[in-house]
Amino acid sequence: PPAFGSGIVIDEAGLILTNYHVVQDATKIYVRLPGNRGAYADIHAADSRSDLAVLKLIGGRAGPLKAVALGDADRAERGQFVLTLANPFASGFRDGQPTASWGILSGIRRRAPLSLKEEERIRPFHHYPTLLQTDARLHLGSSGGALLNMKGELIGLLTSLAAIQGLETPGGYALPINAGMRRVIDVLKRGEEVDYGFLGIAFDENPPEG
């Protein structure tokens with residue numbers, strides 16, 4: 001495929017969770033599943049602010065699906081062992097089998113890179129306020145993959161690589177799956193738009209003296 005990423009089954013009805021930046025410019029999406037299965041998919045709902053998107057498989061060739069169990073990233077601790085399942089370099093396109101890796105949580109509140117597109121990023125961390133950092137080795141195409149605890153629960157959605165393109169990539173980052181992120185995912189699963197609160201502030205151009 002000309003572009004690729006990873007995704008996670010979050011509903012047996014055929015809903016796939018991935019990063020928004022993985023599919024934001026896509027005109028046609030094909031989801032490859034284990035066991036030489038697959039199906040085309042539509043973007044069911046997406047939210048650029050949280051960098052999340054939910055895809056919905058179309059057609060009846062995907063077969064039975066099993067959803068991942070969601071964990072709580074707020075209970076994660078620095079130094080705990082984690083597993084990753086992803087599709088680096090589109091290595092799983094032939095048979096649908098993900099690539100597995102393992103490591104520890106290096107940090108639990110990190111800032112993400114400015115650009116969420118791995119192949120275009122030229123600057124280091126800046127964007128999101130809280131991410132999980134792992135020393136598990138990640139490569140292009142891992143975005144949208146699973147960061148799992150040792151119980152097999154999803155505690156993070158893999159996102160942009162740690163190093164600038166062309167340099168060493170010793171680890172990576174994941175959006176934490178916690179109570180707040182689960183609420184966003186639930187809204188997207190319903191096919192709805194995520195609403196955010198905002199605060200408006202105005203400044204007096206002529207403040208009183210003294």
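Which ring does Arg-49 lie over, and at what distance from the ring centre? Please go on from there to the other aromatic rings.

Tutor: This is a predicted model, in which local features need pLDDT of at least 70, side-chain atom pairs count only at pLDDT 80 or more, and totals for chains, interfaces and linings use all residues. Residues are numbered from 1 along each chain as its sequence is written, and side-chain values use heavy atoms, with hydrogens and water left out.

Arg-49 lies over the face of Tyr-196, 4.2 Å from the ring centre. A charge sits over a ring if NZ of Lys or CZ of Arg is within 6 Å of the ring centre and within 35 degrees of the ring normal. Arg-32 lies over the face of Phe-93, at 4.9 Å from the ring centre.

The whole structure holds two aromatic pairs (rings of Phe, Tyr and Trp, the last by its six-membered ring, with centres within 6.5 Å; planes under 30 degrees apart are stacked, over 60 edge-to-face, the rest tilted). Tyr-30 and Tyr-40 are edge-to-face, at 4.9 Å centre to centre and 75° between the planes. Tyr-30 has a relative accessible area of 31% and is partly exposed; Tyr-40, at 36%, is also partly exposed (buried means under 20% relative accessible area, exposed over 50%, partly exposed in between, with a 1.4 Å probe and protein chains only).

The rings of Phe-81 and Trp-102 have centres 5.9 Å apart and planes at 35°, so this pair is tilted. Phe-81 is partly exposed at 47%, whereas Trp-102 is exposed at 56%.
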